[in-house]
Amino acid sequence: MWSNNLNCLKKIVLIMILFFIPCISVLAEEVTGSKPAATFTFTNNIESEFLDKHKTVIKTITENTIAKVRKLMPELAESIHFTVLIINRDLSIVNGMTGRADKPTEIEISFSSIYQGGIDKAIEDSLEFTLFHELHHTVRGWTIYGNKFGPGIDTAAINEGLADTFAEIQAGQAANNYTDAVNYDAWTKEILTLPRNANYGEWMFRHPDGREAIGYRTGSYLIKKAMKNSNKNILELSKMTISDIYELAGY
Ligand SMILES: [Zn+2]
């Protein structure tokens, strides 16, 4: 009789524990307001698709990179949604993938389906770098929506240069595979004489005269020069105005 009662009591306690554990964890989330640091939407294209192993490693690297950036830039949004795409564009010059910071809470990253070595290799070669770069944009306010800056290639060059240099330092790799054997001083002077509405695609990506990524490459040059001249680090520079950074770089 006693034994039966005891067994019955054990069962009741067990049921209560099993019922209350999930309730407690839901309650904890409501109390602390903690959201996941990253959420994801994966979209395949016709020719390639993300396998489960890709999704797992992309999520892990993203969460780890967010944690690293949050230590350096506590202003980072509490939770960021990542739209992850596969596109057909050749992105070998930037190691297989690219990104876009839409809002402080929304980032799009795109893998090239034609990269040598596929998505696995692009993850290895470029994911961490791309994340550092785009996360920097969200903190600096260089986003597609709610952008904190005015138009102009001079502004774009500095903001992209900051993100590229930050990512280079953090990920320990070069931003792109372009040569540095160009006259950056002349390119800077060209950029500084451009009208406010100069063609973004031509100056940031492909110029009709054959030059590529003029704004990005000149921006990185200017940031490194400003750091060297001022002894300020990339985080300090990231809080400065466009004109102050040009001044530190000697312009
Ligand atoms: Zn960028």
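The following legends describe close-up views of a predicted model. Local features require pLDDT of at least 70 and side-chain atom pairs pLDDT 80 or more, whereas totals for chains, interfaces and linings use all residues. Residues are numbered from 1 along each chain as its sequence is written.

**View A. The open sheet of 4 strands.** The strands follow the order β1-β2-β4-β3, with mixed pairing. The edge strands, each pairing on one side only, are β1 (38–43) and β3 (97–103). From one strand to the next, the twist averages 20°. Strands (E, at least two residues) and helices (H or I, at least four residues) are DSSP runs numbered from the N terminus; two strands pair if DSSP finds at least two bridges between them.

**View B. The pairing of β1 with β2.** Strands β1 and β2 (residues 80–87) run parallel and are joined by 6 bridges. F40 has F82, in β2, as its bridge partner.

**View C. Helices packed on the sheet.** Helix α2 (residues 52–72) touches β1 and β2, and its direction makes about 145° with that of β1. Helix α3 (residues 118–140) also packs on the sheet, touching β3 and β4 (106–112), with its direction at about 30° to that of β3. Contact requires C-beta atoms, placed from the backbone, within 7 Å. Axes are lines fitted to C-alpha atoms, for helices over the stretch in contact, and angles run from 0 to 180 degrees between N-to-C directions.

View D. P195 lies in the loop between α5 (184–192) and α6 (200–204). P195 is exposed, because 9 other C-beta atoms lie within 10 Å (exposed: 12 or fewer within 10 Å, with C-beta atoms placed from the backbone). The C-alpha atoms of P195 and P151 are 9.7 Å apart, with the two residues 44 residues apart along the chain.

Definitions and conventions. Two residues are in contact if their C-beta atoms, placed from the backbone, lie within 7 Å. A residue is buried if 20 or more other C-beta atoms lie within 10 Å of its own, exposed if 12 or fewer, and partly exposed in between; C-beta atoms are placed from the backbone.
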